[in-house]
Amino acid sequence: MKPVFVSHEAYRLFVLSALKKYYAPPSAIFVKADWPLIFKCLITDLSATTTLLADTFSARGPQPRDPASMLRSYLLFLLTRPEIGITEWVNELYRYPLYAILSSFEPGDIPGVGTFYDFLSRFWAADSKHLSPRVRPRKRKPKKGKKGEKAPTTSPQRYGRSG
């Protein structure tokens, strides 16, 4: 199926209601570092992502995740903890409801690791899956020394000799 378009206004209403639900004042509070992240997510309109990627989805099959939510979550991953990788990011979404809410996922209903990789392959519209070619130039074998002698060094500067 094609993804359903979710407007930026609908995203903002979801975030504000979910934050009120999961972060009620007596039980939880935000730290100072959370506010810039929340503000960035609320002002960044990524809803056009769904329209741009609609052609990459099949007309049949299960209902896909919203591409804008997937991109929002990926950007949130890059803003917060880019060193951990996608697999650990999915775990972070489960651990911290704030990240799930800002990604526009209901806490507990988080996409899997494969869904993120599937989204990235759709988002990265390239002919090749790899940035570098698979076939690499052959490395030449080093010259052998004569019988009874050491092989000549190809890079003497590596071994402290100048020459």
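**Figure 1. Glu-83 and its salt-bridge partner Arg-81.** Glu-83 is exposed, with 60% relative accessibility; here buried means under 20% relative accessible area, exposed over 50%, and partly exposed in between (1.4 Å probe, protein chains only). Its side chain meets that of Arg-81 in a salt bridge, at 3.6 Å from N to O. The term salt bridge stands for a side-chain nitrogen of Lys or Arg within 4 Å of a carboxyl oxygen of Asp or Glu. Arg-81 counts as partly exposed at 29% relative accessibility, and it is found in the loop between helices H4 and H5. Helices (H or I, at least four residues) and strands (E, at least two) are DSSP runs, numbered from the N terminus. Side chains of opposite charge can pair when their charged atoms come close.

A note on the model behind these views: this is a predicted model, in which local features need pLDDT of at least 70 and side-chain atom pairs count only at pLDDT 80 or more, while totals for chains, interfaces and linings use all residues. Residues are numbered from 1 along each chain as its sequence is written, and side-chain values use heavy atoms, with hydrogens and water left out.

**Figure 2. Arg-95 with Glu-88 and Glu-92.** Which residues pair with Arg-95 in salt bridges? One is Glu-88, at 3.0 Å from N to O; another is Glu-92, where the closest N and O atoms are 2.8 Å apart. Arg-95 and Glu-92 are separated by about one helical turn, because they lie three residues apart in helix H5 (residues 86-95). Salt bridges that share partners join Arg-81, Glu-83, Glu-88, Glu-92 and Arg-95 into one network. Arg-95 itself is partly exposed, at 46%. The C-alpha atoms of Arg-81 and Glu-92, eleven residues apart along the chain, are separated by 9.4 Å. A search of the whole structure finds six salt bridges.

**Figure 3. The largest nonpolar core and Leu-76.** This core has 30 residues, and those with the most contacts inside it are Val-15, Leu-19, Leu-76, Trp-89, Leu-102 and Phe-116. A nonpolar core is a set of buried Ala, Val, Leu, Ile, Met, Phe, Trp, Tyr and Cys residues joined through side-chain atoms within 4.5 Å. At least two core residues come from each of helix H1 (8-22), helix H2 (34-43), helix H4 (67-80), H5, helix H6 (97-102) and helix H7 (113-123). What does Leu-76 touch, not counting residues up to four places away in sequence? Its contacts (heavy atoms within 4.5 Å) are Leu-37, Cys-41, Trp-89, Tyr-99, Leu-102 and Ser-103. In soluble globular proteins, nonpolar side chains tend to be buried together.

**Figure 4. The loop between H6 and H7.** Ser-104 sits in this loop, and it has a positive phi of about 70° although it is not a glycine. Most residues other than glycine have a negative phi. Gly-108 also has its place in the loop between H6 and H7, and it counts as exposed at 59% relative accessibility. Its C-alpha atom is 8.3 Å from that of Pro-97, eleven residues away along the chain.

**Figure 5. The largest pocket.** Its volume is about 230 Å³, a volume being the space filled by probe spheres set on grid points that are joined across faces, edges and corners. On a 1 Å grid over the protein atoms alone, a pocket is an open set of points where a 1.4 Å probe fits, with protein on both sides within 12 Å along at least five of seven lines; lining residues have an atom within 4 Å of a point. The lining has 15 residues, of which Phe-57, Pro-64, Arg-65, Asp-118 and Arg-122 lie nearest the centre. H4 and H7 are the elements that give two or more residues to this lining, and H7 gives the most, with four.

**Figure 6. The whole chain, for orientation.** The chain has seven helices and zero strands. Of its 163 residues, 28% count as buried. Among contacts between residues at least 6 apart in sequence, 66% join residues at least 24 apart. The average pLDDT, the predictor's confidence in each residue from 0 to 100, is 81, and 86% of the residues score at least 70. Confidence is highest in H5, at 92, and lowest in helix H3 (residues 48-53), at a mean of 81.
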